[in-house]
Structure formats: structure tokens, C-alpha cells
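Subject: Structure for you to look at

Hi,

Here is the structure I promised to pass on. Please open it next to this message; my notes follow below.

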Amino acid sequence: RTVYLNGDYLPEDEAKVSVFDRGFLMADGVYEVTSVLGGKLIDFDGHLVRLRRSLSELDMQEPAAMGDLLEIHRELVARNEIDEGLIYLQVTRGNPGDRDFHYPPEGTAPTLVVFTQAKPGLAASPLAQRGARVISVPDMRWGRRDIKTVQLLYPSMAKMMAQKAGADDAWLVQDGLVTEGTSNNAYIVKDGRIITRALSNDILHGITRAAVLRFAREAQMEIEERSFTLDEAKDADEAFFTSASGFVTPVVEIDGCKLSGGTPGAVATRLREIYIDESL
Ligand code: PDD
């Protein structure tokens, strides 16, 4: 695989980053994941806008190649012959040459890494076809989840808790209310209405979320942007989650409570079809 690192396209085993990189020592970095379907980048502009915002919220310098990111993505898709898959992009505050809590002096170049992950079967996902089983776990992340930082230890722990419980993923709960999934935004459907938490610092402002809500509105579906409780979710007609890697994925079980008879619900299935059709 060819990867991109600070201006160069390199074989993956030749791409090296310093042990003093702030991303490595402090998780001082932000990232984006863009999906590829039929060799085409999905919602790239949205991911770029959110990247700019994450960098700015953390007073992080934009990488010199900021204006070339689309070209870099396209080049990697071509070089690695990606038909279906993901492009991962990460910017860290770079290498100050030593460990120090304070940000490095201005002019320290950020580290920019971009690589591809081939995922054949992303659109025809078996998980989306059977529907995901989720468990609930307490949301123990920090208070700025709207910034897409690389500090993903708690989401990893939560995914491992789900795996140990024989589930596919976890939904995070704070004060009895579902915030989001470990790596996706969470929705329930009740009496034909789509309910999802409103945007705030509590959740990531999903690019897929924005697109799916737009398609749902265009299809005259009713949307309520508000918090919902875990009990409400278990009692919902159906549930689903959205992300760049999972598009729209139906949820068929929450903490062992079956939803929509344990099979993907009609609204989630329809939104997944619309999202993939519109993206292709
Ligand atoms: N995760 N919420 C969280 C906590 C996320 O990590 C993600 C994305 C989302 C959905 O955002 P979007 O629709 O822009 O992908 C919501 C990516 C896919 C990941 O970490 O791999």
C-alpha cells in the first residue's frame, strides 16, 4: 500500500513518524474518515469543513498541503486501486523534538498522514443486512466530542465491552440519555418520527448524519432533533446509526431488547438505500 506522509507518497513500511510526535505522546491530533464507493469519494467537502473546524478549535496549524487534500485522496484511491473502502487522514501538532505539555512554538510543522483501507463489501455490508446488536455503556469521554480527536481509548474500550458481551457495538449513555455510538451517531424511530440528539459539544457532528437528515427531509420524513433516553430507545419501533464507515446501519437489539422484531426496520433500510444511491 502507498501512503502519504508530509508531502511524500511512500510504501507503507517506509513512512515513519518521530517518537516525539505530539500525536504519539499526547493524542494531540485530529482525524477524518472518508468512504469510497465505486472509486468515488463520498461527502469529501463535509469532511474537509469539519477538519478545518477541529484544527481551529484546538488552535492547531493547518498543514501546508491543506489545499491539496482532495488531490491527495484521489491520488491514493488511484494508486491503491480502491473501489470500496475508507481513506483515513490524520493531522497532529507535529514533532517539537521533546516531550512538553505546552504546545510547541509556532512554525512547528504539523504531521499529515493519509492512508487507504480497502473494504470490499462496504455497501453490501452483512452487518447492515442482519442489523446490529448494541449494548449500552456509560459515556466516559471528555467534554469536547464535537472535535474529532485521535484520543479514541474509551471508544475502543466500549467496543471491546460490546465484543465481550457478544454484541456488535455500544451506545454511550450520559444522565440516562443516549449521546451517540462509539464511532457513529444514534437514532430511534417512533410512530414514524426519526429522533436523534441535537448537535452540541456532547456529540460528533456527523457528516453522514447531515446528509441522511437532508435526504430524510426531502423524502418528507419527520425529524425530531432531541435527546432520547435509553428506555425510550428500547421501546422504539426501530433504531439505526450513521457513520462514514457504516453509512446507515439498522440496530435490531439494545441490551438484549429486540426492536422491529429483531430484523432491520423499514425506515433505516430505506435511508440506507437512499444514502448509497445518492452517493454513487
Ligand atoms: N467515526 N460519532 C463518533 C464518536 C464518531 O467517531 C463518528 C465517526 C461519527 C459519525 O461521523 P461521520 O458520519 O462524519 O463519519 C459519530 C469514524 C467513521 C471512525 O472513527 O472511524
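In which strand is L41 found? L41 sits in β4, which covers residues 40–41. Please keep in mind that this is a predicted model.

Is L41 buried, exposed or partly exposed? L41 counts 18 other C-beta atoms within 10 Å, so it is partly exposed. Burial would take 20 or more. Beyond its neighbours within four places in sequence, L41 is in contact with T34, V36 and H73. Take H73 from that list. Between L41 and H73 there are 32 residues in sequence, yet their C-alpha atoms lie 8.1 Å apart.

Now the sheet. It is open and has 6 strands, in the order β2-β1-β6-β5-β3-β4. The pairing is antiparallel. Its edges are β2 (8–11) and β4, each of which pairs on one side only. Inside the sheet, β3 and β5 run antiparallel and are joined by 8 bridges. V33 stands opposite Y88 of β5. Helix α2 packs on the sheet and touches β3, β4 and β5. The direction of α2 makes about 180 degrees with that of β3. Helix α3 (residues 69–79) lies across β1 (2–5), β2, β3, β4, β5 and β6 (111–118). Against β6, α3 runs at about 40 degrees.

Next, the domains. The protein is divided into domain 1 (2–118) and domain 2 (126–279). Their centres, taken over C-alpha atoms, are 26 Å apart. Domain 1 puts 20 residues into the contact, and domain 2 puts in 12. On the domain 1 side, the elements giving two or more residues are β3 (29–37), α2 (44–57) and β5 (85–92). Which of them supplies the largest share? That is β3, with 8 residues. By type, the domain 1 side divides into 8 nonpolar, 8 polar and 4 charged residues.

Last, the ligand. How many residues surround it? The shell holds 14, and the closest are L204, G206, I207, T208 and A244. α6 gives the most, with 3 residues. The shell is made up of 4 nonpolar, 8 polar and 2 charged residues.

Places to start on screen: L41 in β4, the β3 part of the domain contact, and the ligand shell with α6.

Best wishes

Key. Residues numbered from 1 in each chain as written. Predicted model: local features only at pLDDT ≥ 70, side-chain atom pairs only at ≥ 80, totals over all residues. Near = placed C-beta within 6 Å. Helix = DSSP H or I, 4+ residues; strand = E, 2+ residues; numbered from the N terminus. Nonpolar A, V, L, I, M, F, W, Y, C, P; charged D, E, K, R; others polar. Buried ≥ 20, exposed ≤ 12 C-beta atoms within 10 Å, placed from the backbone. Contact = placed C-beta atoms within 7 Å. Domains from an automatic or database assignment. Pairing = 2+ DSSP bridges. Axes fitted to C-alpha atoms, helices over the stretch in contact; angles between N-to-C directions.
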